[in-house]
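I am keeping these notes as I go through one structure, entry by entry, and I put down what I looked up and what I found.

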Amino acid sequence: MRKQESEEATRNVNMETVTSDQSHITILDDIKSSKSPAVINYGASWCGVCSQTFPVFQELSNSFKRIKFVYADIDECPETTLHIRYTPTFQFYRDGEKVDEMFGAGEERLHDRLWLLS
């Protein structure tokens, strides 16, 4: 494995990716039953702001190891993300319940919310 591939592999250790409506349902069920803190980043491949925010989200997943990080592309799970009106949208969960939501970019705002969640 090349160094770059190795760095990418370790960068995403604390992040899951939603690949379908069914995987989105499964991840939400896991979040609700585990009671562990979690954050879901709802984005889209065509969204420029999402593309800029995603690397920050990845890096923050390394800083907040106790929080489960999830990325969901709304085009990959269209049926279960109909409620998402803006990308990116971040939803924060504690004890199985959604406790906060953030719309748009903002590294400092995202960091602060994650700090409060942890």
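This is a predicted model: local features need pLDDT of at least 70, side-chain atom pairs count only at pLDDT 80 or more; totals for chains, interfaces and linings use all residues.

**Entry 1: a loop residue**

I looked up Thr19 and found it in the loop between strand β1 (15–18) and helix α2 (21–34). Is Thr19 buried or exposed? Its relative accessibility is 53%, and since exposed means over 50%, Thr19 counts as exposed.

**Entry 2: helix α4**

I asked which residues of helix α4 (residues 107–117) are buried, and the list is Leu110, Leu114 and Leu117. Looking down the axis of α4, I see these buried residues within an arc of 60°, so they line one face of the helix. On the face turned away from that buried side I found the exposed residues Glu108, Trp115 and Leu116. I next looked up what the buried residues of α4 pack against, and the partners are β2 (38–43), α3 (48–63), β3 (68–73), β4 (89–94) and β5 (97–103).

**Entry 3: salt bridges**

I started from a general point, that side chains of opposite charge can pair when their charged atoms come close. How many salt bridges are there? The count comes to three.

I looked at Lys68 and Glu16, whose closest N and O atoms are 2.9 Å apart in a salt bridge. This pair links distant parts of the chain, for Lys68 is in strand β3 and Glu16 in strand β1, 52 residues apart. Glu16 has a relative accessibility of 34% and therefore counts as partly exposed.

I turned to Arg113 and Asp100, whose side chains meet in a salt bridge at 2.8 Å, N to O. Here too distant parts of the chain are linked, with Arg113 in helix α4 and Asp100 in strand β5, 13 residues apart. Both ends are partly exposed, Arg113 with a relative accessible area of 23% and Asp100 with one of 27%.

I also wrote down Lys98 and Glu101, whose side chains meet at 3.6 Å, N to O. Lys98 counts as partly exposed at 45% relative accessibility, and Glu101 is partly exposed with a relative accessible area of 27%.

**Entry 4: aromatic pairs**

I searched the whole structure for aromatic pairs and found four. One of them is Phe54 with Tyr71, an edge-to-face pair with 5.0 Å from centre to centre and 70° between the planes. Phe54 lies in helix α3 and Tyr71 in strand β3, so this pair ties together parts that are 17 residues apart in sequence. Phe54 is partly exposed, with a relative accessible area of 22%, whereas Tyr71 is buried, with 12%.

I then took up Phe57 and Phe90, a tilted pair with 5.9 Å from centre to centre and 45° between the planes. Phe57 is in helix α3 and Phe90 in strand β4, 33 residues apart, and the pair links these distant parts of the chain. Phe57 counts as buried at 0% relative accessibility, and Phe90 is buried with a relative accessible area of 0%. I also noted that ring pairs link Phe57, Phe69 and Phe90 into a cluster.

The bridge partner of Tyr93 in β5 is Lys98.

**Entry 5: the nonpolar cores**

I looked up the largest nonpolar core, which has 16 residues, and those with the most contacts inside it are Val18, Ile31, Ile40, Tyr42, Ala72 and Tyr93. At least two residues of this core come from each of α2, β2 and β3. Apart from it I found another core, of 15 residues, among them Leu60, Phe64, Phe69 and Phe92.

Last, I checked what Tyr93 touches beyond four places away in sequence, and its contacts include Leu28, Ile31, Ile40, Lys98 and Leu117.

How values were computed. Residues are numbered from 1 along each chain as its sequence is written. Side-chain values use heavy atoms; hydrogens and water are left out. Buried means under 20% relative accessible area, exposed over 50%, partly exposed in between (1.4 Å probe, protein chains only). Helices (H or I, at least four residues) and strands (E, at least two) are DSSP runs, numbered from the N terminus. The arc is that of the directions from the helix axis to the C-beta atoms. Contact means heavy atoms within 4.5 Å. A salt bridge is a side-chain nitrogen of Lys or Arg within 4 Å of a carboxyl oxygen of Asp or Glu. Rings of Phe, Tyr and Trp (its six-membered ring) pair if their centres lie within 6.5 Å; planes under 30 degrees apart count as stacked, over 60 as edge-to-face and the rest as tilted. Two strands pair if DSSP finds at least two bridges between them. A nonpolar core is a set of buried Ala, Val, Leu, Ile, Met, Phe, Trp, Tyr and Cys residues joined through side-chain atoms within 4.5 Å.
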